Amino acid sequence: MKKSDLPQKICAVCERPFTWRKKWERVWDDVKYCSERCRRSSKSSKGNITDIKRP
């Protein structure tokens, strides 16, 4: 399967799209964040994304 054919979601913190990963296979419906950094940021700053820099 091509990566372009995999399902995508939008990260709740940085609002960037991220793609399904094999390790998320069983919990894909519960995944909200694209990375550990975004997950930690959401808990510490209550959704404030000023600490995350976009390229």
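Biologist: In this predicted model, which cut-off defines a buried residue?

Modeller: A residue counts as buried when its relative accessible area is under 20%. Ser42, which lies in helix α1, has 14% relative accessibility and therefore counts as buried.

Biologist: With what does the side chain of Ser42 make a polar contact?

Modeller: The partner is the side chain of Tyr33, and the two side chains are in polar contact at 3.3 Å.

Biologist: Turning to the rings, how many aromatic pairs does the structure hold, and how should I read the geometry of one of them?

Modeller: The structure holds three aromatic pairs. To name a geometry one takes the angle between the ring planes, and planes over 60 degrees apart count as edge-to-face. For Phe18 and Trp28 the ring centres are 5.9 Å apart and the planes stand at 70°, so this pair is edge-to-face.

Biologist: Which residues form the aromatic cluster, and which charged end sits over the ring of Trp28?

Modeller: One aromatic cluster is formed by Phe18, Trp24 and Trp28, while the charged end of Lys9 sits over the ring of Trp28, at 4.6 Å from the centre of that ring.

Key
Residues are numbered from 1 along each chain as its sequence is written. This is a predicted model: local features need pLDDT of at least 70, side-chain atom pairs count only at pLDDT 80 or more; totals for chains, interfaces and linings use all residues. Side-chain values use heavy atoms; hydrogens and water are left out. Rings of Phe, Tyr and Trp (its six-membered ring) pair if their centres lie within 6.5 Å; planes under 30 degrees apart count as stacked, over 60 as edge-to-face and the rest as tilted. A charge sits over a ring if NZ of Lys or CZ of Arg is within 6 Å of the ring centre and within 35 degrees of the ring normal. Helices (H or I, at least four residues) and strands (E, at least two) are DSSP runs, numbered from the N terminus. Buried means under 20% relative accessible area, exposed over 50%, partly exposed in between (1.4 Å probe, protein chains only). A polar contact is a pair of N or O atoms within 3.5 Å; within protein, one must be able to donate a hydrogen and the other to accept it, and residues adjacent in sequence count only if both atoms are side-chain atoms.
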